[in-house]
Amino acid sequence: LNTIGHKTINMRTSTSSTMRVTVAVAVSASGNMLPPLLVFKGKPGGRIEREFSAYPEGAHYCVQENAWMDEQVMKKWIDIILIP
């Protein structure tokens, strides 16, 4: 994550890096972009999920053990992004 307007974002990893993220983006039929949902690799209720309050506003965040868009994450996406 970086500030809005940056042209590049530097990322450092090692060969054993297991950081993963999935980003769910959608556009409504009217052409409006819905807020993105970032799915981080982590355990529900764990350290990563507890740190979400420090993340920038304008997106929604959740965790899944493999950073996948599974059934539980899809239900969260519907409840917090699609329905409102």
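Analyst: Glu 71 and Lys 75 are separated by about one helical turn, because they stand four residues apart in helix α2. In this predicted model, local features need pLDDT of at least 70 and side-chain atom pairs count only at pLDDT 80 or more, whereas totals for chains, interfaces and linings use all residues. Residues are numbered from 1 along each chain as its sequence is written, and side-chain values use heavy atoms, with hydrogens and water left out.

Glu 71 and Lys 75 form a salt bridge, their closest N and O atoms being 3.5 Å apart; the term requires a side-chain nitrogen of Lys or Arg within 4 Å of a carboxyl oxygen of Asp or Glu. Glu 71 counts as exposed because its relative accessibility is 56%, while Lys 75, at 41%, counts as partly exposed. Here buried means under 20% relative accessible area, exposed over 50%, and partly exposed in between, with a 1.4 Å probe and protein chains only.

The chain has two helices and three strands in total. These elements are DSSP runs numbered from the N terminus: helices are H or I with at least four residues, strands E with at least two.

The largest nonpolar core comprises eight residues, namely Ala 24, Leu 34, Leu 37, Val 39, Cys 62, Val 73, Trp 77 and Ile 81. A core of this kind is a set of buried Ala, Val, Leu, Ile, Met, Phe, Trp, Tyr and Cys residues joined through side-chain atoms within 4.5 Å. In soluble globular proteins, nonpolar side chains tend to be buried together.

Val 73 shows how this part of the chain is packed. When neighbours within four places in sequence are left aside, Val 73 is in contact (heavy atoms within 4.5 Å) with Leu 37, Val 39, Cys 62, Val 63, Gln 64 and Trp 68.

Gln 64, one of those partners, belongs to strand β3, residues 60-64. Gln 64 counts as buried because its relative accessibility is 11%. Its side chain makes a polar contact of 3.1 Å with the side chain of Asp 70, and the Gln 64 side chain also reaches the backbone nitrogen of Asn 66 at 2.6 Å. A polar contact is a pair of N or O atoms within 3.5 Å; within protein, one must be able to donate a hydrogen and the other to accept it, and residues adjacent in sequence count only if both atoms are side-chain atoms. Beyond four places in sequence, the contacts of Gln 64 are Val 39, Phe 40, Lys 41, Gly 42, Asp 70 and Val 73.

The loop between β3 and α2 holds Ala 67. Its phi is near 65°, a positive value in a residue other than glycine. Ala 67 counts as buried because its relative accessibility is 2%.

Glu 65 forms a salt bridge with Lys 43, with the closest N and O atoms 3.8 Å apart. This pair links distant parts of the chain, 22 residues apart: Glu 65 is in the loop between β3 and α2, and Lys 43 is in the loop between β2 and α1 (47-50). Glu 65 is partly exposed because its relative accessible area is 45%, whereas Lys 43 is exposed, with 54%. The count of salt bridges comes to three, and among them is the pair of Glu 51 and Arg 47, whose closest N and O atoms are 3.4 Å apart. Side chains of opposite charge can pair when their charged atoms come close.

For the chain as a whole, buried residues make up 23% of the 84 residues. Among contacts between residues at least 6 apart in sequence, 38% join residues at least 24 apart.
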